[in-house]
Amino acid sequence: MAAVYTWDVFSTLDGYGSYGPDGDWGGYWGKQGPEFLDNRIAVLGEEQRMVLGAATFRQFMELLGPIPDADIDPVNSRMRAMPTTVVSTTLSGPFAWPDATVVGGDAVDVVARLKEESGVPLRSHGSLSLNRALMAAGLVDRVQVTVFPVISGRTGTDRIFEGAADFDLDLVTSRTFDGRIQELVYRLALHR
C-alpha cells in the first residue's frame, strides 16, 4: 500500500504563504499560541518522512542549520531531526541537517517511488511549486492548511495555490487553536 502524502502549509486568510521584505510579521505571522505550538510538536513527533523542494530546504538551512541543537525551539528541533528527502537537481551535501538525503530527478517520479517504498507517511511543509506539481500528478493525498488570522494583501508573497489545477476537496478534520488559528485537512481529487 502506498504511503499517505500530506502537504502541510501555513497560510494567511488571503492565501499567501509568506510575506515580503516590507512585512514585519515575524514567524507564524506573530499569531502562534501554546495550543498551536503543542499541536505542531505532536504532528511532527509522529513517525514520518519529510519531503522538501530545494528552495524550501535552502530557506530552512539558512534559518535553522546554523542554530545549535540546545538553542533551537522544540517545533523546529523536531522538524530538523526528521528524516528528510530533498528533491533537487541543484543541491548536494553534506548538510548541517542530521538526516537529509538529496534525490535528483523529476519530482513526480521521485515522490511516486517514495510513496510506494516508504513504510511511514510522507509530509511536506511549504515547497509550493513542488507540491503544486505533485497535486497535478495526483500524488498529494491530503492538504493540511493552517490559516493564520491575518490578511497580508500589501506584503504577502507566494500565493499558495496560484497556478494549481482545479480540485474538489473533502474536509477530513478541522480544528481551532488558541481561539484564532484554523487547521483544515482535506482529501483532494482533481476536478473533472
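Author: Happy to; we will go through the aromatic pairs and then the charged contacts. Keep in mind that this is a predicted model.

Reader: How many aromatic pairs does the structure hold?

Author: The structure holds eleven aromatic pairs. Take Phe-10 and Tyr-28, whose rings sit 5.8 Å apart, centre to centre, with 55° between the planes, a tilted pair. Phe-10 belongs to strand S1 (residues 5-12), and Tyr-28 to the loop between strand S2 (16-19) and helix H1 (34-45), so this contact ties together parts that are 18 residues apart in sequence.

Reader: Is Phe-10 buried or exposed?

Author: Phe-10 is buried, at 13% relative accessible area; the cut-off for buried is under 20%.

Reader: Which residues form one aromatic cluster?

Author: The cluster is made up of Phe-10, Tyr-28, Trp-29, Phe-36 and Phe-148.

Reader: Let's move on to charges. What lies over the face of Tyr-16?

Author: That is Arg-159, at 4.2 Å from the ring centre.

Reader: How should I think about salt bridges, and how many does a search of the whole structure find?

Author: The general idea is that side chains of opposite charge can pair when their charged atoms come close. In this model, the search finds four salt bridges. One of them joins Asp-8 and Arg-123, at 3.1 Å from N to O. Asp-8 is in strand S1 and Arg-123 in strand S6 (residues 122-125), 115 residues apart. Asp-8 is buried at 0% relative accessible area, and Arg-123 is buried too, at 7%.

Reader: Which residues are linked with Asp-8 in a network of salt bridges?

Author: Arg-40 and Arg-123 are linked with Asp-8 in that network.

Reader: What about Asp-170 and Arg-187: where do they lie?

Author: Their side chains form a salt bridge of 2.8 Å, N to O. Asp-170 lies in strand S9 (residues 167-177) and Arg-187 in strand S10 (residues 181-190), so the bridge ties together parts 17 residues apart in sequence. Asp-170 is partly exposed at 38% relative accessible area, and Arg-187 is partly exposed at 39%.

Terms used:
Residues are numbered from 1 along each chain as its sequence is written. This is a predicted model: local features need pLDDT of at least 70, side-chain atom pairs count only at pLDDT 80 or more; totals for chains, interfaces and linings use all residues. Side-chain values use heavy atoms; hydrogens and water are left out. Rings of Phe, Tyr and Trp (its six-membered ring) pair if their centres lie within 6.5 Å; planes under 30 degrees apart count as stacked, over 60 as edge-to-face and the rest as tilted. Helices (H or I, at least four residues) and strands (E, at least two) are DSSP runs, numbered from the N terminus. Buried means under 20% relative accessible area, exposed over 50%, partly exposed in between (1.4 Å probe, protein chains only). A charge sits over a ring if NZ of Lys or CZ of Arg is within 6 Å of the ring centre and within 35 degrees of the ring normal.
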